[in-house]
Amino acid sequence: MSSKDPMCKYEITAVSGNVWVSTDRDGLSDPYIVMKKKGLLGKTLFETPVVNDSMSPVWNFTEVITARKNTTITVKLMDKDPIGSNTIGVASFKLNGTQDFAPMSFSPSLEKEDTVTGLATIKIWLLEEN
């Protein structure tokens, strides 16, 4: 990302996920997604609601964000616990303008310590480029 990259408005939807590694004693998880701008002080863009006791959560959670083209976004699949949260898996992607004002859907594999631990379906729609 460069300061010369144009600012864009994106609609991002965290659609659903699959958790392949249970984090709770009952064999289930309480998953949610956190999206952040990548970097040392990465700004949290949004968090989905928690889906309790699920290995196949459906969020259909949408936010509109403003970010520079080519900004790297980190997707964290988290498990909510009574005290704190655990990371289930992490993936990253770059925002770009190649969506041609039509939605792009992808499902990055989420990894923790080089092991694929889940999958998230994300939709991105480039709404406006300045």
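This is a predicted model: local features need pLDDT of at least 70, side-chain atom pairs count only at pLDDT 80 or more; totals for chains, interfaces and linings use all residues.
Author: Local features here need pLDDT of at least 70 and side-chain atom pairs count only at pLDDT 80 or more, while totals for chains, interfaces and linings use all residues. Residues are numbered from 1 along each chain as its sequence is written, and side-chain values use heavy atoms, leaving out hydrogens and water.

Reader: Thanks! What makes lysine 69 and glutamate 129 a salt bridge?

Author: The term asks for a side-chain nitrogen of Lys or Arg within 4 Å of a carboxyl oxygen of Asp or Glu. The closest N and O atoms of lysine 69 and glutamate 129 are 3.0 Å apart, so the pair meets that cut-off. A search of the whole structure finds one salt bridge. Lysine 69 lies in the loop between β4 and β5 and glutamate 129 in strand β9, so the bridge ties together parts that are 60 residues apart in sequence. Strands here are DSSP runs of E with at least two residues, and helices are runs of H or I with at least four, numbered from the N terminus.

Reader: Why is lysine 69 called buried, and glutamate 129 partly exposed?

Author: Buried means under 20% relative accessible area, exposed means over 50%, and partly exposed is in between (1.4 Å probe, protein chains only). Lysine 69 has 18%, so the label is buried. Glutamate 129 has 35%, so the label is partly exposed.

Reader: Why are phenylalanine 46 and phenylalanine 61 called a tilted pair?

Author: Rings of Phe, Tyr and Trp (its six-membered ring) pair if their centres lie within 6.5 Å; planes under 30 degrees apart are stacked, over 60 edge-to-face, and the rest tilted. A search of the whole structure finds one aromatic pair. Phenylalanine 46 and phenylalanine 61 are 5.4 Å centre to centre with 45 degrees between the planes, so they pair and count as tilted. Phenylalanine 46 is in strand β3 and phenylalanine 61 in strand β4, 15 residues apart. At 4% relative accessibility, phenylalanine 46 counts as buried, whereas phenylalanine 61, at 21%, is partly exposed.
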